[in-house]
Amino acid sequence: MKKLTALILALVMLSTLGGALAAEKTYRIGIAQFAVHGSLDNCRLGFIEGLKEAGFEEGKNLVIDYQNAQADMGIAAAIAAAFVDTQVDLICAIATPMAVVSNNASDGKIPVIYSAVSAPIEAGLANAQGLGEGNTTGTSDLLPVKQQLETIRAMQPTAKVIGILYTLGEINSQVQLKLYQEMAGEYGFTVEPSGISAGPDIALALPALLSKVDLLTMLTDNTVVQYLDTVLDATDPAKIPVYGSEIEQVVRGCVAAEGLDYLALGRQTGALAARVLKGEDAASIPFELIQESALYYSAKACQAMGLTLPPDLLARGQDVDK
Amino acid sequence: MLELQHIRKIYNPGTVRELCLFEDFSLSVGKGEFISVVGSNGSGKTSLLNILCGSIPVDAGRLVLDGTDITRQKEHVRARRIARIYQNPALGTCAKMTILENMALADSKYKRMNLRPGTDKTQIGRYRQMLAELGLGMENMLQARAGSLSGGQRQALALTMSRLNPIDFLVLDEHTAALDPKAAEIIMRLTHQMVTEGKLTAIMVTHNLRFALDYGDRLLMLHQGQAILDKSGPDKAALRLEDVLQIFNQISIECGN
Amino acid sequence: MLSSFVATLPSTLEQGLIYAVLALGLMLTYAILDFPDLTVDGSFPLGGAVSTSLILAGWGPLPALLAATLLGALAGLCTGLIHVKLKVRALFSGIIMMTALYSINLRITGGLSLLSIPRSQTTLFRNNPLADFLPVDLRVLVIVFSIILLLKLLLDGFLSTRAGYLLRAAGDNETVVTSLARDKGNVKIAGLVLANALVALSGAILCQQQRMFEISMGTGAMVLGLASVIIGINLFRKLELVRTTTAVIIGAIVYKLCVAFAISCGLSPMDMKLVTAALFLTILALGARPRKEKANA
């Protein structure tokens, strides 16, 4: 009986001690993700990790409410409104539609940290200097186009025409395509774009496209990425190499990619969010692009295409098949 | 008043089911006549009405109403002068609208369908009175939805709705067939009253030989697209049910009905 | 959980009232005209595209709304003509227009899938005398409530005019329309024009409130509108005194309440749509008790 009482007393003391420790502020963050999608999911996981690395950990001083709009604008608006109305400390908005809706719903009241937004300036989230339009900042998954073009040139010294599939009307793709078109000339390339309206159109567009190009490069266009296997089914027999935009695509069969690691992008975003939680003004932090692109290649795919990597790329890059 | 001239109508031409309903059918209806049309199934009685009202086109021939050639006129244009009461009581009224609204709607037939109030409050008394004459109690149910009425009541409402507008021609398409005997009697009485008071020209298709004999001043019996019996005035009055029935059974047996 | 749901009530009410305009349009086609109109999936974003593009080009909010409404009416006219003159089935006429409108909407936005209205621009809800006069929290609610009230009164008035009766008859019993010596096709076209005008207006208002247009906003608009109409009609089936317009507006609000509730439920985000569906089912089940109809002869 005495032992039991002692045990109970000890537990009570411990809990009050725990309570005293937990008197520290608990932050509430709402993560609003636009759709269920591999890259976006990685972004979110990276974000949580990034926060943890900066001292904000779930279960300790952080509560996360994760909501997914499942690509429905109406639900996206409702989620944004919910986060604003319940006065979370910070909203993390993943993907452009969610970011814009959250920023507008918040109207400055709550900091909105966005991620996986390819073109923040065009989307109205940042001004020309990169600073937030409103209480917002974030990271952009704009493609490292320059590095990609350099790598392609290094791997294929004589290639001339780059083919690019993209979804018509997709603002992110348009921005990325324009970048390619602007920079391709410096590396001795021309770009052959092919616009589609929906995934099934890709199979129909490929024959015409492939007859004109030496290789393909991928944007972060959701639809085209989803249908990558369809693309590869056509390019592999035609011995046309496809360069990806992220590591996942190289795993699926692209020869190489100056890649976006969405986990890393997420971590970068988490670090930004931590700075804002600690007191910095979001609008004063210019949005960030991915710091470094990492080179991923598939030795298998390269061999099938008859391509070899020059030594400096081999040294820098990472073989996904290993 | 109304003339059908050399009407030809073939159903499903050029197919296995090709049926020549009317080869060279002509009919002349005088002003103020009330014709009863009887005949076996497939004799063409309903098709005759459809051709008359414009719901089906003819292959050859002319339709002339009061001197105007209406052969090419669309159904809703003909409806300006021809009113039709259907066998299915549901077809004559709007189920989701109230009795009052139905009456008001019908009352607007010759008026512009503009933004003036749908129901003219000053006319409610008049509607009530017309409905009271039916003897069905509907004058006290103005706010009831037409869909909640019995078949007989709906048919009576449809008739009253046509009474609201001066029409030249009344087409009755087996309009008592779907009603119970009592309701059928009431509707026939109303029809008769309406036709005689309004001095309307009417053509009534019915399968009820007794009604055909008791009402109207002309009897037409159709068989395979041809009139095999056509009695008017005193000749019609002299007809007896047994005679008509005999002819009717004869042709029915012929067709295997 | 419940407290977070309560906190979101004002926003949910706002959204419900905006989408109520969409629901009113669908009430006209589905409930009154008995026409399953898929044009809506195209005319809803059409309104948004037109209104947003015009605002970005410097137009005032009201002219932008008007332009959006007129173009919506035009879309409805096309659907009507396709159905009546070309004799295409109702459902497919809507599909044809909805498909065509996708490209048209993209053309209107200059090929962009997303348009953003800067905070400094004048919209119905910002930077105009009325908006600046109202307290910030009530701004959207008051303006949107006034709009829906006005629309409701206009519609109620219209439905009790001769033209309104004719429209109701067309959906109730086409034969009666013909016997009134009116062309039922023309009446249907008029109904589609009016309905899609409302739908486009709804899209325009939404985009001005959200300060953004997104190309996919039309997907599922018909479903959303229909759900609102059916929920509303079902909820008030027993109460004859509640007009259909009121019922439908409340239906739209209830729909949004269900979505908000599902979000605040705290269940897995993946299950949110399942929860929403379960809520609809519950509401419909509550309203569905067999009515005693008078026996017909």
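Author: Ile162(A) stands opposite Leu215(A), a residue of strand 8 of chain A. Strands here are DSSP runs of E with at least two residues, helices are runs of H or I with at least four, and both are numbered from the N terminus. This is a predicted model, in which local features need pLDDT of at least 70, side-chain atom pairs count only at pLDDT 80 or more, and totals for chains, interfaces and linings use all residues. Residues are numbered from 1 along each chain as its sequence is written, while chains are lettered from A and ligands numbered from 1 in the order in which they are written.

Strand 6 (residues 161–167) and strand 8 (residues 215–217) of chain A run parallel, joined by two bridges. Pairing takes at least two DSSP bridges between two strands. The open sheet has seven strands, ordered 7-6-8-9-10-12-13 in chain A, with mixed pairing. Strand 7 (190–196) and strand 13 (318–319) of chain A are the edges; each has a single partner strand, so one side of each lacks a neighbour in the sheet.

Now the helices. Helix 5 (residues 145–155) of chain A lies across strand 8, strand 9 (242–246), strand 10 (256–260) and strand 12 (294–297). Its angle to strand 10 of chain A is about 165°. Helix 7 (residues 201–210) of chain A lies across strand 6 and strand 7, at about 150° to strand 7. Axes are lines fitted to C-alpha atoms, for helices over the stretch in contact, and angles run from 0 to 180 degrees between N-to-C directions. Contact means C-beta atoms, placed from the backbone, within 7 Å.

Definitions and conventions
Two residues are in contact if their C-beta atoms, placed from the backbone, lie within 7 Å.
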